[in-house]
Amino acid sequence: MQNTLSRYELQDEELRTASRIEAFFKQFSIADLARRCGIKKAKGVSSPEILLCIFSLPFYRLNIFRYFQTTGETDFGKDVVYEFMRSCHFSWRRFLLQLAGRVCILLQELTSEKRDSVLIIDDSSIHRPRAKKVELLARVYDHAESRFIKGFRLLSMCWSDGASLGPVDFALMSSAKEKNRYQDVTKRIDSRTCGAKRRREAVCKSTELIEPMLRRALASGIKAKYLLMDSWFGMPAVISKLCKHLPVICMIKRTPKIYYCFEGERMSLNAIYKRLRKRRGRAKVLCSALVTMNCGESARIVFVRNKHKNTMSALPGLSWYDTRKDEAQRRPTWLKSRYHHCIVLLKPFPEEKFG
């Protein structure tokens, strides 16, 4: 029989959760940090009290409406929180960056120096199928479902040491194409405010925002050895900009339109993979190649086996190859299959490690 908590046990759990959040606020000086980022109110309820309420919502598994409907202990209503979050003058990006910097410094002191810390760039889809008049609502492409959806894309940057993960920066993206947007900017606000800047970057391409996000993260004191990305961002033009700040490890796409300089020739990934000598048996790493990008930086493309399928793939690029034993029926199916290529820039792995 499933155990259920009594009313008093739930109240006790809520008190412990509230005490932990308050301790977190005191340890990282959230009130002082919010004031430095312009998150303050002229009158009424103080900003730290509202921030404490917003921070508590995920731990209680409630949204703003349900929280104020179930608890009547606060000195303010839900409209105060809505107006607080709707303000265009608060620099939430600076607040998150400075808070993430303080948390990362604490985690790095508790982590071994042998563990590599990384920054991760990824995007996810936010579905809003029933929305009609939401500002900058757009028709965006969902890579997970391979179809267009109604909503937004969330471009996020996180810091990780392999055991912990913390958000660093984010951007809520609409569509860069005006024809794909259901709504444009509906509010008239000062173009110098943080809200106006957010609205301008929402209609930019996501690849244009990665380098500024990386520069802001490094300037805030966050330390990392590598930058990890998915194949959606693994284009040579993007990589050449990012490798100036951090070595990049990413998945790259198999396309005949992109060439790399290998053994003095400009070749596609298919041609490079065909020329390399593969390891026999069920080796995880099939082969690797040291190439030169168009920007002049060197990179190592490592082809690894896909453990989930009876195919082969490649690291700094992942290629797929048919491994059936019948040579008479074997066809060059890797030319038609997908590639997921990871690239390591500026710090190529040694030849003896990848072969």
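*Solution.* Contact means heavy atoms within 4.5 Å. The model is a predicted one, in which local features need pLDDT of at least 70 and side-chain atom pairs count only at pLDDT 80 or more, while totals for chains, interfaces and linings use all residues. Residues are numbered from 1 along each chain as its sequence is written, and side-chain values use heavy atoms, with hydrogens and water left out.

Next, take the partner R266. R266 is 28 residues from N294 in sequence, and the two C-alpha atoms are 9.8 Å apart. The side chains of N294 and R266 make a polar contact of 3.2 Å. A polar contact is a pair of N or O atoms within 3.5 Å; within protein, one must be able to donate a hydrogen and the other to accept it, and residues adjacent in sequence count only if both atoms are side-chain atoms.

Then place N294 along the chain. Helices (H or I, at least four residues) and strands (E, at least two) are DSSP runs, numbered from the N terminus.

Last, consider accessibility. Buried means under 20% relative accessible area, exposed over 50%, and partly exposed in between, with a 1.4 Å probe and protein chains only.

**Exercise B.** Determine whether R181 is buried or exposed, and list what R181 is in contact with beyond four places in sequence.

*Solution.* Begin with position: R181 lies in the loop between β4 (165-173) and α7 (194-202). The relative accessible area of R181 is 17%, so R181 is buried. Leaving aside neighbours within four places, its contacts are L136, L137, A138, S174, S175, A176 and V203. A polar contact of 3.1 Å also joins the side chain of R181 to that of D184.

Continue into helix α7. The buried residues of α7 are G195, A196, E201 and A202, and they pack against α6 and β4.

**Exercise C.** Identify the buried residues of helix α8 (residues 210-219) and explain why they lie on the same side of the helix.

*Solution.* I210, E211, M213, L214 and A217 are the buried residues of α8. They cover an arc of only 160° around the axis, and therefore they are on the same side of α8. The arc is that of the directions from the helix axis to the C-beta atoms. An α-helix has 3.6 residues a turn, so residues three or four places apart point the same way.

Now list the packing partners of these residues: α6 (92-110), β1, β3 (147-160), β4, β5 and α9. Just after α8, G221 takes a positive phi of about 100°.

**Exercise E.** State the phi values of S29 and E263, and classify the accessibility of S29 and E263.

*Solution.* S29, in the loop between α1 (7-27) and α2 (30-36), has a positive phi near 50° and is not a glycine. S29 counts as partly exposed, at 33% relative accessibility.

E263, in the loop between β7 (260-262) and β8 (265-267), has a positive phi of about 55°, and E263 is not a glycine either. With a relative accessible area of 57%, E263 is exposed.
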